[in-house]
Each structure stands twice: as C-alpha cells, then as structure tokens.
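Open the model in your viewer and keep the selection tool ready. We will go from stop to stop, and at each one you select something and look.

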Amino acid sequence: MTAGSEEHEPLISSSVDNQRVTYNNSPNGSTHSQSPRTSGGEVTLAIPPSRGYGAIGGVEKVTYTWADVNAFATEDRSRNRKFWHFWRSSSDRMFQQRKQLLKSINGAAYPGELLALMGSSGAGKTTLLNTLTFRTPSGVVSCGTRALNGQPATPEMMAALSAYVQQQDLFIGTLTVREHLVFQALVRMDRHIPYAQRMRRVQEVISELALSKCQNTVIGIPGRLKGISGGEMKRLSFASEVLTDPPLMFCDEPTSGLDSFMAQNVIQVLSGLAKKGKTVVCTIHQPSSELYAMFDKLLIMADGRVAFLGSPDQATEFFRELGAACPANYNPADHYIQLLAGVPGREETTRHTIDTVCTAFAKSELGCKIAAEAENALYHERKIATGWADSAWSNAVAIRASRSPYKASWCAQFRAVLWRSWLSVTKEPMLIKVRFLQTIMVSILIGVIYFGQHLDQDGVMNINGAIFMFLTNMTFQNIFAVINVFCSELPIFIREHHSGMYRADVYFLSKTLAEAPVFATIPLVFTTIAYYMIGLNPAPERFFIASGLAALITNVATSFGYLISCASSSVSMAASVGPPIIIPFMLFGGFFLNSGSVPPYLGWISYLSWFRYGNEALLINQWSGVESIACTRENFTCPASGEVVLTTLSFAEKDFTMDVVNMVLLFIGFRLLAYFALLWRTRRGK
C-alpha cells in the first residue's frame, strides 16, 4: 500500500482480532520471559517488575509513564456560553456536551531518549502534552494515571522536576542573550546557590547550546528592533529551561516557523540533551526525513488514540506487517501521517483505517509491553493509596513544593525583576529619547504661544489657559506613554509568574519603580522651560511648588494609565478605552465647567478628577498673594486681585493642602486598583 492509494484494505488479519490480552500483575509472580506467551488465541504478558527507581531528591534520571489518559472538551465551559443558559443548574451544564479528545492513552518516556509525538492536525498531540504536564486549558477535563519513576505524579512534582518549552517564544526584546539568562538564573535556581555558581552555570549553558557568538546581541522585537535569528531564539528558550538542569523536558512544536537547517539544528540540541540522560518529549508537525531519523522513539497519534509507540525501525516493521509499508525514497513521517489523516468525503474509510491500526498496535508485542508498563503504574498507585507502598520520594518532592512555589526569596525576586525592568527602560529608545524630545518640543511651543504674559485682564485668561495646558499635557503625554506597559508584557508576565519565577506584587512594584525616575524628570524639564517663558509667578518658591505639583500630577496620571493597562487585554484595547474615560475627568477640571456649577448628581466624578485638584492647586500657587491686576479695558469686567480670580473660578486658597492630599490619595488608589487588576488578569490567565 502506498501513501496515495485510493482504497484502504484491512491492514491486519482476522487472527489478530480474535486474540485477547491478559496481564499478570502479581508482585510475587515470577516471569520466565519478557515476551508475550501465545496459546489458543490469547496473549498473556507478564508485567515486568518495577525498575530500580532511586529516591529522587538528587536523582538525575526520570522515567515518565502514563496510563488510561482521557481528555474531554466541554462546550459549556467555553466563554461562548449564552446568558440564557444560566437559569439551569450548574450540574446540568457542567458536562452537558462532551467531546472526547484523548481515548485511553498509554505510554512511557525513558531517560536518554527523545520521544516525538506525531500525528495530523487534530490528532491530539498538544492536548496530550498539556495533559502530561498538568497544563490543560479551561474547557478541557482530563483524567488518568501519570507516574514519575513509579510514583504518582502531581502538578507540584511536575513543576519541580520538569521544564516546558512552549511553542511561542516570549522574551523582553531589549535584553541581550546573556542578560536574559542571568535574570533566569537569578529567579529560577534555588536560593541557597551562590551568585558565582549561577554565573558559571549561565556560561556552561551558553556554551552547550552554541549561543556564544550571540551572547551580547539583543534578542530583538519583531518589526521594531533587529536581533537574533529564529533558531537562536529557540535555542535561547531551551537554555532558559535547562539552567536548573531538569531531568524531564517537554517541548511543544519546537521547529514551527523555522527553515529546514534551523529545524535540524534545534532537534540536534534536543537529541544532545537526551543523550546526557534527560527524558525529552516533544510534539512535532510533519518532520523531514532527516529529523525523523534523529528521534529515538515515536508516538504516532490518530483521532486521540495511540497508533504506534516505538523506535523508527520498529515503526517501519509494524506498518510493513500491516500491509502499509512506506514506499522507497519516501519520508516515513509523511507516509504515516497521510495514512492516518482524515480525508474529506472518505470519513468512513479513514475511521476504519485508524481503528484497524490502533487495535493492531494495542494487541501487538510493543503495545502489550506499553500496556504492561501502564498497568504497573496503576498497580503501584493503588498500593500507595492503600498504604502498602512507601511514597518517600513523592513526599520529599511534595515537601519541597509545599515550601513555596518560588525558588528565590522575595528580596532576590525584587532585585532581579527591578534590574531587568531598569535595563528594559534604559535600552528602549522610544521610552527615553522620544519622550524627552516630545517634552522639550511641547514646552517650547507652549512657551512661545503664551510668551511674556502680563498681570492684566487679558493676561489672567491667558495664564489660566497656559496652566490648564500644563495639566492636560502632563496627563495625556504620560498616560499614553504607559498605557501599553503592562498589557504588552502580559503574556510574558503570566508565563513567568505561573512558572514560579516571581510574584505579581514584585513585578508590579519593580515595573513602576523602574519608570519612576523618568516620570520625575519629565515634569521638571517641562516646567523649567515653559514656566518663565510664559511669565508665571516669578518667586523661586512658586516655581519649585509648581514643579512639585507637575510631578505629582504626572504620577497620578501615570497611575491611571497603569490601571487602564492592567485592565486591558491588548494594547489596541487600552488605546481605545483610554480617551473616553479621561475626557469626563478633564471636563470637571474647573476650566471648561465652573466648579460651582457642577450638577449634584455628577459631583462624584469631580472628586475623582485629578484635573480639578491639579488645576486648583496650580492656580492657587499662581494667584495667591497677587494684590493688583492692571485693567487695560474699561468696558470689560476686570478682576482686581488674585483672590478675585480664584473666587470667580470657585476656588479657595485654604483648599490647597486638601488638593495635594487628594492627589496623593488618588495616586495610591489608582496604583492599588491597577495591582488588583493585574492580579485578576493573572488568575484569568491561569
């Protein structure tokens, strides 16, 4: 049979269908042979005794087995739930419509071997990988036995002993390769490891994964900042995970988006890690023949079932015996995937082929051995559950995991994340150069427009307008400077936070502190240029008070920008939501609408408006103590003094202190709300 044949004949003889598989799982039973015994159409396999699994605390090799793994997708758990379904009880909705994604999957991955999960799209590769790593997404329910060195696995044990290289590479693009790995070493490695040893490990990993040439090159941001190549980026993902030298590694589609040379390079890295004694499991989509030959074991999946599990040579022999031998000069991976892939219009034939191949493998010698390993794992789990077996290793790992999900202490996390955030701020050209250039240009423009104002009735209106421009510029410039800070890095933060690298409060505090010097300097530059050009109150103490108020207004606006950023799921959403929310606060600032004429039912908005407090404080700083204002026009109302100007605007000098206090409270309140929004995003992302 060839890959392009039109009709599929039954791939296995009827004699196999009549065989029955039984297992001898008695712990005291002796086994005369590891091969199956056949008599009278019955295949009897003696389950091998448990391997010599040492106690892991410092064991470097892990055998991972899984048995009877099933996964179901429940439609009602998706976010497309209709609101009119909520009247029904939760028990009726929870498992209303279930689609089985994985069907009784058995398997094992051994140290020193690279196991590749293969299959057509929708075969269940990624679902199986997520189930094995306890990372099933919402809407998917999984069950089954998973064992590490014969001990039942838990999410805490898996997190402590394994690494997971996800398909999408997420990095802070302004860091260099070495800086990224140094940060990873600071937060991933155990807290008792000294700094010098961490740096030696970083250098070892750079050398092992051939990153020496690009170690001082920035990682890069697609479309903005040129950096390392796709293959180097994938190797950097591996380097981040192998820093802690985990005995078990999972990789999801490591060759996606790479050319054939880079893909071969990446698989060589995985094969090299496996040869060092690690257990490596990866999913791969349609590998080339060169990549196929580099795999130690294959797990071919079809429609959520195991079609084959064994070495490439065993796969060739298995499919040859079924009458579906791979043609000469043909990529075996393409042949097997095409054989088991669904063809539109031939669903019945495809279903028959998949069922025949999966049944044949389950009853083959290889399938029986896999089933025996799975039965052994189930048996050992039952012994531990009933108290007949010791689970010292699992208890040790559980104790280690229960201490804290984070390897580094709070202070170590804070130092590392603050260091990375500061590097990101200083290396981002848009954040420093463009922002300061924008500030200088706008301040000069406002200074030129309002240049040389005098204390007369025309100057009063112009000065009040210039002060409100101060306020508006400090708000919009800084809100839109930070509105993308958290939502753009949200995928990176969620991945690293859920990997146990650092806490949410550490990240939030570090990001805000790293940018604090910028937001303290910008208002000072703006005020220094524009203040005396406009001709505001010349007293030195009034200048410094105005600078301090501008800095406070900037930080309140920045806090509100952080709130929008943390609550938004994307940069485009944050940019769309920001202006409509800011405009009402600006209308109640006392410039467009007199503070004394605000409708009572909208008064609560004015109490949340930093425009109101900032405008009042800046105007009090400008007009308090001004005893006389020149009246140059007889037919117009002329304020006689600064106190009259403030009274006309419904402001009072005695409210200056409360204005400052209220802006400080808004600063703290917006920051706290932004942190809680980040926590909410974190829990949703989980």
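Of the 686 residues in the protein, 51% are buried. Buried means under 20% relative accessible area, exposed means over 50%, and partly exposed lies in between, with a 1.4 Å probe and protein chains only. The model is predicted, so local features need pLDDT of at least 70 and side-chain atom pairs count only at pLDDT 80 or more, while totals for chains, interfaces and linings use all residues. Residues are numbered from 1 along each chain as its sequence is written, and side-chain values use heavy atoms, leaving out hydrogens and water.

**Whole protein**

Show the cartoon. The secondary structure comes to 25 helices and 13 strands. Helices (H or I, at least four residues) and strands (E, at least two) are DSSP runs, numbered from the N terminus. Now show the surface. The protein exposes about 31700 Å², and carbon and sulfur atoms supply 57% of it. These areas come from the Shrake-Rupley method with a 1.4 Å probe; for residues, only the protein chains shown count as cover.

**Stop 1: an open sheet**

Select β5, β4, β7 and β8. These 4 strands form an open sheet in the order β5-β4-β7-β8, with antiparallel pairing. Two strands pair if DSSP finds at least two bridges between them. Which strands stand at the edges? They are β5 (98-109) and β8 (151-152); each has a single partner strand, so one side of each is left without a neighbour in the sheet.

Zoom in on β4 (residues 64-74). It pairs with β5 in the antiparallel sense over 8 bridges. Pick T65, and you find A108 of β5 opposite. Touching, or contact, means heavy atoms within 4.5 Å.

**Stop 2: strand β11**

Select residues 279-283, which are β11. 5 of the 5 residues of β11 are buried, so the rest of the structure largely encloses this strand. Turn on the side chains. T279, V281 and T283 point one way, while V280 and C282 point the other way. In a regular strand the side chains alternate between the two faces of the sheet.

Strand β6 (residues 114-119) runs parallel to β11, joined by 4 bridges. Here A116 has C282 as its bridge partner. Strand β10 (residues 248-252) also runs parallel to β11, with 5 bridges. Look for F250 opposite V281.

**Stop 3: residue K278**

Step back to K278, in the loop between α8 (260-275) and β11. Is K278 buried or exposed? At 7% relative accessibility, K278 counts as buried. Leaving out residues up to four places away in sequence, K278 touches several others, among them Y110, E113, D245 and P246. P246 is 32 residues away along the chain, yet the C-alpha atoms of K278 and P246 are separated by 7.7 Å.

**Stop 4: a hairpin**

Select β12 (residues 297-302) and β13 (residues 305-310). 5 bridges join β12 to β13, and the two run antiparallel. L299 has L309 as its bridge partner in β13. The strands form a hairpin with 2 residues between them, and D303 in the turn has a positive phi of about 55 degrees. 5 of the 6 residues of β13 are buried, so the rest of the structure largely encloses β13.

**Stop 5**

Select α10 (residues 312-321). Its buried residues are P312, A315, F318 and F319. Seen down the axis of α10, they fall within an arc of 115 degrees, so they line one face of the helix. The arc is that of the directions from the helix axis to the C-beta atoms. On the other side, D313 and E321 are exposed. The cover over the buried residues of α10 includes β12, β13 and α11 (332-340). Just after α10, G323 takes a positive phi of about 85 degrees.

Move on to α11. 8 of its 9 residues are buried, so α11 is largely enclosed by the rest of the structure. Among them are D334, H335 and Y336. What covers the buried residues of α11 includes β6, α9 and α12.
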